[in-house]
Amino acid sequence: VTSTFFVRYLQSASVSLGLHGEDFDPHSASPAELRKESVALWQRYSPVTAHPSFTPFGEDAGLYVPQGANHVAYLLCYLRV
């Protein structure tokens, strides 16, 4: 396991946790707003700027988001270890 693994995991977790957080309302957001917010959350832990066509949902974050609150709790426990 390299540092790249943990950076990518942190990016995906940031997207999942951020979209499930209180600061974002997915029910009233447009698809463009959802994409913009998810890229901003991914970008938070990225050393490079995301390409305009990039979406974090094509990576692990795309799997974490629909799994809901149970997986968010798992991510929080995993990141504490």
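How many helices and how many strands does the protein have? The predicted model contains 4 helices and 0 strands, where helices (H or I, at least four residues) and strands (E, at least two) are DSSP runs numbered from the N terminus. Along the sequence the elements follow the pattern α-α-α-α. Residues are numbered from 1 along each chain as its sequence is written. Because the model is predicted, local features need pLDDT of at least 70 and side-chain atom pairs count only at pLDDT 80 or more, whereas totals for chains, interfaces and linings use all residues; side-chain values use heavy atoms, with hydrogens and water left out.

The predictor's confidence in each residue is given as pLDDT, on a scale from 0 to 100. The mean pLDDT of the protein is 76, and 69% of its residues reach 70 or more. Among the elements, α2 has the highest mean pLDDT (87) and α3 the lowest (61).

Of the 81 residues in the protein, 30% are buried. Here buried means under 20% relative accessible area, exposed means over 50%, and partly exposed lies in between (1.4 Å probe, protein chains only). Contact means heavy atoms within 4.5 Å. Among contacts between residues at least 6 apart in sequence, 56% join residues at least 24 apart.

The largest nonpolar core has 8 residues: V15, L19, F24, V39, L41, W42, A50 and F54. A nonpolar core is a set of buried Ala, Val, Leu, Ile, Met, Phe, Trp, Tyr and Cys residues joined through side-chain atoms within 4.5 Å. Two or more residues of this core come from each of α1 (3-20) and α2, and α2 gives the largest share, 3 residues. In soluble globular proteins, nonpolar side chains tend to be buried together.

Helix α1 has 18 residues and reaches 26 Å from its first C-alpha to its last, close to the 26 Å expected at 1.5 Å a residue; the expected span is 1.5 Å times one less than the number of residues. The buried residues of α1 are Y9, Q11, S12, A13, S14, V15, S16, G18 and L19. V7, also in α1, counts as partly exposed because its relative accessibility is 35%.

Q11 lies in helix α1 and is buried because its relative accessible area is 3%. Not counting residues up to four places away in sequence, Q11 touches W42, Y45 and S46. The side chain of Q11 makes a polar contact with the side chain of W42 at 3.4 Å. A polar contact is a pair of N or O atoms within 3.5 Å; within protein, one must be able to donate a hydrogen and the other to accept it, and residues adjacent in sequence count only if both atoms are side-chain atoms. A polar atom of the Q11 side chain also lies 3.4 Å from the backbone oxygen of Y45. The C-alpha atoms of Q11 and V39, 28 residues apart along the chain, are separated by 9.7 Å.

S14 is likewise located in α1, and its relative accessible area of 8% is why it counts as buried. Its side chain places a polar atom 3.0 Å from the backbone oxygen of L41. Apart from neighbours within four places in sequence, S14 is in contact with L41, R44 and Y45. S16, another residue of α1, is buried, because its relative accessibility is 0%. From S16 to L41 the C-alpha distance is 8.8 Å, and the two are 25 residues apart in sequence.

S46 is found in the loop between α2 (31-43) and α3 (60-67). With a relative accessibility of 14%, S46 counts as buried. A polar atom of its side chain lies 2.7 Å from the backbone oxygen of V48. S46 is also one of the residues that Q11 touches.
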